[in-house]
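Visitor: I would like to learn how to read contacts and cores in a model. Please take me through one.

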Amino acid sequence: MAEAFILGLSTGSACLVTCGMVMLPYFVADSAGIRKAGSGLLLFLATRLFAYLLLSTVAWFFGRAFFVTSFMSRIIPGALYMIFAVMLVVYSIDRGRKTSCPAGLSAAIKKKRLVPLMLGLVNSIGFCPALFILVTRSATQGTLAGNYLAFTAFFAGSSIWFLPLPLAGKLKGKEVIRTVGILATGLAGVIFMIKGITNIIGGITNIIGGIINV
Amino acid sequence: MFETLKTNGMRKSFVKSLLYALPMFILTFFLMTGGKPDFSDPSYSLALITAFVLVNILYFLMHYTGKTDRYRVVLFVIFALTLSFSLIRNMIAIRHSMSFSQADILECRIPFCHLVIPMMIIPAAFSKSIIFPGSIINGFANISSMVVLWAVATIVLGRGFCSWGCFYGGWDDAFSRFRRKPVFRNINLIWRWMPFAVLFMVALTAALSLIPTYCDWICPFKAVTEYEQVTSVESAAKAGVFFSIFAGLVVVLPVMTTKRTQCSYLCPLGAINSLSNRITPFTIKIDKAACNECNRCVEVCPVFAITKEDIKNGRVSVFCSKCGKCVDACPRNAIHFGIRGVPAGTMKNFSRNMFLFISFLFMAVFSAGSVVNTLQSIFKLITG
């Protein structure tokens with residue numbers, strides 16, 4: 001468990017990079033106060049915990065083979081990144097955005113409270129090396145209860161990094177900060193788009209390489 | 001009114017201009033030769049003399065004609081071109097390629113550039129580590145000398161660094177002058193804040209991943225200096241990104257808008273320099289009494305630093321890179337180089353002379369080596 005916690009703590013910064021750079025502009029741009037931003041963060045963290053527990057269950061049942069194929073490890077996260085990225089870019093350039101919330105972007109996400117949920121989900125399933133190690137470990141050894149504990153410890157370690165995020169909402173009164181926040185959201189979208197394209201191409205290349213080798 | 005304009009003119013007599021340029025002659029001579037001129041190598045001597053004459057003629061002409069940007073841009077563009085040339089030449093001499101490998105990264109053989117600085121600050125402060133695979137004190141383009149030079153330049157010049165000290169700015173400055181009139185007009189000024197968004201993103205990602213993410217993924221100037229060897233899908237994607245940004249923001253958009261779009265919309269160091277513009281002693285001032293709001297300065301500003309509101313308020317924005325293009329364009333000398341704390345419309349000549357001396361000296365210091373090296377290579381090529 002301690003090992004999983006340290007693993008989570010060490011990789012939490014990477015989680016913050018993948019989601020924090022979206023979450024921070026979201027909290028900055030949001031007109032809500034710290035309490036509302038805090039509840040958004042809680043939803044985000046709860047989604048991550050749920051996703052991790054689900055992952056640990058999946059890892060237990062399907063084992064190592066489930067995660068080593070290019071299709072699962074690269075193409076699906078790549079496609080999700082792409083969808084998410086397009087939404088972020090559209091949000092940042094859309095002059096007709098009703099509120100400061102990225103949820104207003106898409107018909108698929110009508111409630112802005114669901115944005116942290118989506119971010120939590122994307123953050124959890126974007127396989128970072130540390131999580132991949134944990135998933136592999138869970139798939140090959142230990143009990144289901146042990147896996148749940150390990151993933152919870154991993155979640156706790158990585159979540160520490162996200163705790164200061166709601167305070168970013170304190171800056172909401174400044175128009176410049178809000179503008180920079182919205183532009184940064186669009187930029188994050190571009191980054192995710194590139195990451196998504198890279199993942200998909202990498203996945204396809206691996207699959208083609210595998211077929212040729214066979 | 002005519003009298004006012006006449007006395008405000010920046011033009012000087014030949015002898016007076018020569019006297020003003022004399023300290024620069026001496027300083028650049030010492031800087032270029034290191035105080036020990038060695039003329040034993042003919043090609044080097046010729047390159048040295050050519051660079052010395054070029055630099056000092058440009059400085060002399062700034063005083064003699066009263067125009068700033070017209071001559072600044074000549075050296076600025078030459079600086080950018082020659083630096084890229086000498087960097088590429090150096091890379092090819094050492095590695096036989098413009099690309100660097102993982103081995104070069106591991107052995108810290110990557111030349112440092114000032115664009116890394118925004119990403120270094122947080123990791124350096126908290127973990128006392130430098131997240132760049134370059135040499136700290138030794139060799140070509142080492143980290144410590146570049147950081148010190150940038151720090152001094154940005155404290156003294158503010159965002160003036162972007163027009164007088166940056167060795168990349170000359171690229172989009174050159175392309176922004178290809179057309180006299182822009183194809184795209186009425187660009188939303190909200191995009192001026194994009195460098196701050198980029199700064200925020202790259203500082204955060206670099207601090208947390210301990211990788212200089214801007215250099216790794218975005219920097220368009222890798223297209224004219226060096227880049228990661230394409231060995232995987234990821235490195236190919238990186239190459240695609242930086243070549244696309246170079247083509248878009250450094251070539252196409254500057255031509256279409258006549259603005260320096262890379263500097264205005266992307267560069268994270270420009271954002272930091274904009275912040276230091278608030279403390280620098282030199283600034284651009286608008287003399288509201290002399291200004292007739294013709295908005296010529298708004299049109300010509302290459303970095304979107306002046307708006308009609310700024311003119312009404314009598315001050316330029318923090319985005320100003322002190323290139324002097326607005327000063328050259330103003331038909332009434334209402335916009336001028338100034339010193340913080342000194343009222344607009346006063347001490348125009350003194351402020352300009354002070355600013356020109358310091359900023360030009362920076363540019364001469366930064367550019368001299370690459371100009372001399374490039375000229376020497378060209379002379380060697382010609383003479384066989």
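Guide: Start with contacts: two residues are in contact if their C-beta atoms, placed from the backbone, lie within 7 Å. Leaving out residues up to four places away in sequence, Val116(B) touches Phe132(B), Pro212(B) and Cys215(B). The model is predicted, so local features need pLDDT of at least 70 and side-chain atom pairs count only at pLDDT 80 or more, while totals for chains, interfaces and linings use all residues. Residues are numbered from 1 along each chain as its sequence is written, and chains are lettered from A and ligands numbered from 1 in the order in which they are written.

Visitor: Which residues have the most contacts inside the largest nonpolar core?

Guide: In soluble globular proteins, nonpolar side chains tend to be buried together. A nonpolar core is a set of buried Ala, Val, Leu, Ile, Met, Phe, Trp, Tyr and Cys residues joined through C-beta atoms within 7 Å. Buried means 20 or more other C-beta atoms within 10 Å of a residue's own; exposed means 12 or fewer, and partly exposed lies in between. Here the largest core has 119 residues, and those with the most contacts inside it are Ala51(B), Phe79(B), Val116(B), Ala197(B), Phe200(B) and Met201(B). Helix H10 (residues 194-209) of chain B gives the most to this core, 12 residues; helices (H or I, at least four residues) and strands (E, at least two) are DSSP runs numbered from the N terminus.

Visitor: Why does Phe282(B) count as buried?

Guide: Because Phe282(B) has 21 C-beta neighbours inside 10 Å. This residue is found in strand E3 (residues 282-286) of chain B.
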